[in-house]
Amino acid sequence: MSDTMDNFIGLSAVLTGFASSILAPSLDPVNIKAEYLPFFTAKVAEESGNPQLVDSIFAKYAALAAQQLSDQQIGTAMLDPANGADFVLACRKLIFMWYSGAWPTLIPASASAPASTVSDLISAKSYTCGLAWQVMQSHPMGDSNYRYGYWNSQPPALNDYTGQQGA
């Protein structure tokens with residue numbers, strides 16, 4: 001993987017709580033990361049008006065990771081408001097993208113309606129790859145890699161997906 005992809009996956013792992021090996025497995029026939037990285041880069045540049053923002057985000061992540069900080073420390077530093085509103089919002093949207101397979105649009109409050117968020121699905125592939133399905137230990141309607149009758153067995157433990165030891 002390139003440095004950019006490595007930083008994208010490393011940052012994504014920190015922010016989502018999923019192991020890098022889950023987000024970018026060595027055998028990866030779906031390769032959703034190759035769809036997410038350019039989409040993320042383009043949307044952040046478009047929405048922020050700053051084509052260098054993603055590079056800044058990845059540079060900050062790489063600098064923090066080089067200091068051997070824990071994932072918790074890196075995540076806290078990446079979401080620190082001192083980084084700027086666009087920086088933090090991009091990180092938060094990255095989390096949303098991985099979990100839902102969609103891109104969020106924030107709609108500010110008006111005199112007649114509260115603030116809200118709507119989202120646009122990135123692709124059919126991104127919908128089926130959303131991390132929310134793994135968190136729920138489920139699969140999207142009409143899409144399953146499991147054999148018939150799999151529901152008869154207990155699902156695997158959540159830490160099998162996140163790579164973290166049980167809490």
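Asn7 lies in helix α1. Helices are DSSP runs of H or I with at least four residues, numbered from the N terminus. The model is predicted: local features need pLDDT of at least 70, side-chain atom pairs count only at pLDDT 80 or more, and totals for chains, interfaces and linings use all residues. Residues are numbered from 1 along each chain as its sequence is written, and side-chain values use heavy atoms, with hydrogens and water left out.

Asn7 is buried, at a relative accessible area of 18%; buried means under 20%, with a 1.4 Å probe and protein chains only. Leaving aside residues up to four places away in sequence, Asn7 touches Phe58, Tyr61 and Ala62. Contact means heavy atoms within 4.5 Å. The C-alpha atoms of Asn7 and Ile57 are separated by 9.2 Å, and the two residues are 50 residues apart along the chain.

The largest nonpolar core has 33 residues. Such a core joins buried Ala, Val, Leu, Ile, Met, Phe, Trp, Tyr and Cys residues through side-chain atoms within 4.5 Å. Phe8, Phe40, Ile57, Met78, Met97 and Trp98 touch the most other members. Two or more residues each come from α1 (3–16), α3 (32–48), α4 (53–66), α5 (71–78) and α6 (85–100). Helix α1 gives the most, with seven residues.

Leu11, Val14 and Leu15 in α1 meet Asp71, Ile74, Gly75 and Met78 in α5. The residues of this contact divide into five nonpolar, one polar and one charged. Met78 also touches residues including Ile57, Tyr61 and Phe87.

Note on methods. Buried means under 20% relative accessible area, exposed over 50%, partly exposed in between (1.4 Å probe, protein chains only). Ala, Val, Leu, Ile, Met, Phe, Trp, Tyr, Cys and Pro count as nonpolar, Asp, Glu, Lys and Arg as charged, and the others, Gly among them, as polar.
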